[in-house]
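Trainee: I would like to take a close look at a single part of this model, and I would be grateful for one connected account of it.

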Amino acid sequence: MSGPREPIVVVGAGIAGATAAAALRAGGADVVVLERRREPGSGSAISLWPNALAALDRIGRGDAVRAAGRPSSTGGTRREDGRWLMRPGEAQVDRALGERVLGIRRAALVAAIAGTEVAAATRHGAVVEAVAPHGGGAVVRLAGGEELAARAVVIADGSGSTTISSIAPVPPARYAGYVGWRGIARLRVDEPATQFWGPSMEAGFLALAGDETYWFLTERLREDVPAPADGGAHVRGVLADWPAPMAALVAATPDAELLRHPVRDRRSLRRWARGPVVAIGDAAHPMRPHLAQGGCQAIEDGVLLGLLLAREPDAAPTAARFAAARRRHVGAVVRNARAIGTALHAPRPLNAAFHAGNALAPSAAMIAQLRAVASRRAFERQARRLGL
Ligand SMILES: Cc1cc2nc3c(=O)[nH]c(=O)nc-3n(C[C@H](O)[C@H](O)[C@H](O)COP(=O)(O)OP(=O)(O)OC[C@H]3O[C@@H](n4cnc5c(N)ncnc54)[C@H](O)[C@@H]3O)c2cc1C
């Protein structure tokens, strides 16, 4: 039977799992991380907003993460013909956010969050098949039949989570109607992070450390359309006439650094916790990428839950309190990202009306939205609500 001396088991060593494990260690708890991959993943890159950096500062990992990335100011949004749609003042955005957005490779981010302690506590090649509450704790069953007793289990196995069914039945994630391309160019761009809105499409770029630049493109497409044989040529064709530096970035992207994924999301779950088993990150709330907050909210989840579980002896009520506080905040981010994604990829007349409406909106509205979700203060408010 599991008891207070058992470790806390984290399922998945992605952004959410690595952060929860680092926060648990920072709080002095015993932790085991189970990751199905045999080696750390490579992935692409990510924009890390100040809410996530403030969360990482709470557990002493912020500076390691900053050292592996590159900060950028926030430029605004242009049309595919180059005209500006939204151009808030960089200094105003910096002030509202509390620091600049960081561009970072995903593998570097996870490694910097984990550090040596969490890396040592991670078992690679450990596929979790089932999680079940048991006694006051839980039991985790691995492929091959091994069972581990846990004081609590943090489910962080991503948007395709299978172990989430130990908390609640889960509707499948739905195709959003568009695909996302991501690439890392071997090209330095010294410009503020910028987005471009085109006909039922969105693109953008963000500087990374080491003279590299991350870029993305989303493209409306029926789900059954197969990926083009030459993805680079396809994206170069789509972006050929878009403003610099988009086409140059795609041209400077090696094939191995180009990824294509269908975009999916689903409603945020009604239950994130059952007894001492609790879900975080994409397992609990997969979201569309338009606010660049999926990973940032996963980091907030991991820090808040990890510090709470490390502090409180009784995991079940702690998990329930965490879930209740976070569901409301993150649910709004998921809905907002869905609404923006739907409008950005709507057929042309609707899509153009959305662009035009945004062009008329005052910069103050955009800055207020960033402040509410992506600023250092946004995280601090969440932490205070949970007594941290
Ligand atoms: C196109 C695109 C662009 C994005 N851009 C941004 C951005 O700029 N900023 C941002 O904040 N977010 C962004 N996101 C969202 C972000 O990528 C996700 O929210 C984030 O990766 C979620 O992290 P996670 O740890 O919850 O899940 P994952 O990263 O999916 O990690 C889950 C881990 O669990 C492991 N695992 C799975 N099943 C098992 C099992 N049974 N047993 C053991 N291990 C298992 C997996 O191998 C994996 O390592 C973007 C997403 C997309 C699709």
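What is the handedness of the crossing of H1 and H9, and what can be said about the surroundings of H1?

Mentor: The crossing of H1 and H9 is right-handed, with the caution that this is a predicted model. Helix H1 covers residues 15–26 and helix H9 covers residues 294–311, and the two pack at an angle of about 30° with their axes 7 Å apart. Because angles under 35 degrees count as roughly parallel, H1 is described as roughly parallel to H9. On the H1 side the contact is made by Ile-15, Ala-16, Thr-19, Ala-20, Ala-23 and Leu-24, which meet residues of H9 including Gly-295, Ala-298, Gly-302, Gly-306 and Ala-310. The residues of this contact divide into 11 nonpolar, 4 polar and no charged.

Turning to H1 itself, 10 of its 12 residues are buried, so that the helix is mostly covered; among the buried residues are Gly-17, Ala-18, Ala-21 and Ala-22. Its end C-alpha atoms are 16 Å apart, which agrees with the 16 Å that its 12 residues should span at 1.5 Å a residue. H1 is followed by Gly-28, whose phi is positive, near 90°.

The partner helix H9 has a further neighbour in helix H13 (residues 376–385), their axes coming within 11 Å and crossing at roughly 30°. H9 is therefore roughly parallel to H13, and this crossing is right-handed. Here Glu-300, Val-303 and Leu-304 in H9 meet Phe-379, Gln-382 and Ala-383 in H13, a contact whose residues divide into 4 nonpolar, 1 polar and 1 charged.

Methods:
Residues numbered from 1 in each chain as written. Predicted model: local features only at pLDDT ≥ 70, side-chain atom pairs only at ≥ 80, totals over all residues. Heavy atoms only, no water. Axes fitted to C-alpha atoms, helices over the stretch in contact; angles between N-to-C directions. Helix = DSSP H or I, 4+ residues; strand = E, 2+ residues; numbered from the N terminus. Parallel < 35°, antiparallel > 145°, perpendicular 65-115°, else oblique. Left-handed = near helix turned anticlockwise from the far one by under 90°. Contact = heavy atoms within 4.5 Å. Nonpolar A, V, L, I, M, F, W, Y, C, P; charged D, E, K, R; others polar. Expected span 1.5 Å × (residues − 1). Buried < 20%, exposed > 50% of the residue type's maximum accessible area, 1.4 Å probe, protein only.
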